[in-house]
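Student: I've got a fold to go through and a few things to ask. Can we take it one piece at a time?

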Amino acid sequence: QVRLVESGGGSAQAGGSLRLSCTASGYSSTRLCMGWFRQAPGKERKGVAGIDSPGNTYYDDSVKGRFTISRDNAKNILYLQMNSLEPEDTAMYYCASTGGLCYGAASTLSWLAASGVWGQGTQVTVSS
């Protein structure tokens with residue numbers, strides 16, 4: 001059974017850091033097409049960062065320079081290192097995977113939004 005489980009959310013003050021993890025299980029492949037999305041109260045879910053199979057990354061402008069996405073290919077774990085957090089980063093964060101390989105980081109978030117498998121989400125709250 002394919003499953004994504006996020007962890008690492010919590011509370012932080014503005015300027016602080018948090019690291020999210022997402023463990024993928026039930027997949028026969030590694031180097032999965034994966035990414036992070038977030039949804040703030042009253043807003044639509046939005047892509048934050050994506051990583052393609054070769055390891056190329058893509059970031060939404062709102063987090064560029066502050067967040068780093070990475071993947072442990074051996075363990076099929078996706079990470080999101082979040083630095084210089086802002087109150088606007090407060091949201092439920094979701095991990096997503098297409099379950100397969102992909103090439104072209106700039107398109108990963110579109111592919112994931114269209115056909116991704118989703119985790120249950122982890123809450124991030126940033127106070128000013």
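Student: Which residue stands opposite Leu 20 in strand 8?
Tutor: Keep in mind that this is a predicted model. Strand 8 covers residues 77–82 and pairs with strand 3 in the antiparallel sense, over 6 bridges. Within strand 8, the residue opposite Leu 20 is Leu 80.

Student: And what is the bridge partner of Glu 6 in strand 3?
Tutor: Strand 1 takes in residues 3–7, and strand 3 takes in residues 18–25. These two run antiparallel, joined by 5 bridges. For Glu 6, the partner in strand 3 is Cys 22.

Student: Is Arg 66 buried or exposed?
Tutor: Start with where Arg 66 sits: in the loop between strand 6 (57–59) and strand 7 (67–72). Leaving aside residues up to four places away in sequence, Arg 66 touches Gln 81, Met 82, Asn 83, Ser 84, Leu 85, Glu 86 and Asp 89. Its relative accessibility is 11%, and the cut-off is under 20%, so Arg 66 counts as buried.

Student: On to the largest pocket: how many charged residues are in its lining?
Tutor: The lining is made up of Arg 38, Ala 40, Lys 43, Glu 44, Lys 46, Ser 62, Glu 88, Thr 90 and Ala 91. Set aside the 2 nonpolar and 2 polar residues. The charged count is then 5.

Student: What volume does the largest pocket have?
Tutor: Rolling a probe the size of a water molecule over the atoms shows where empty space is left. For the largest pocket, the volume comes to about 180 Å³.

Definitions and conventions. Residues numbered from 1 in each chain as written. Predicted model: local features only at pLDDT ≥ 70, side-chain atom pairs only at ≥ 80, totals over all residues. Heavy atoms only, no water. Helix = DSSP H or I, 4+ residues; strand = E, 2+ residues; numbered from the N terminus. Buried < 20%, exposed > 50% of the residue type's maximum accessible area, 1.4 Å probe, protein only. Contact = heavy atoms within 4.5 Å. Pairing = 2+ DSSP bridges. 1 Å grid on protein atoms, 1.4 Å probe; cavity = no way out; pocket = protein on both sides within 12 Å on 5 of 7 lines; lining within 4 Å. Points joined across faces, edges and corners; volume = space filled by probe spheres on them. Nonpolar A, V, L, I, M, F, W, Y, C, P; charged D, E, K, R; others polar.
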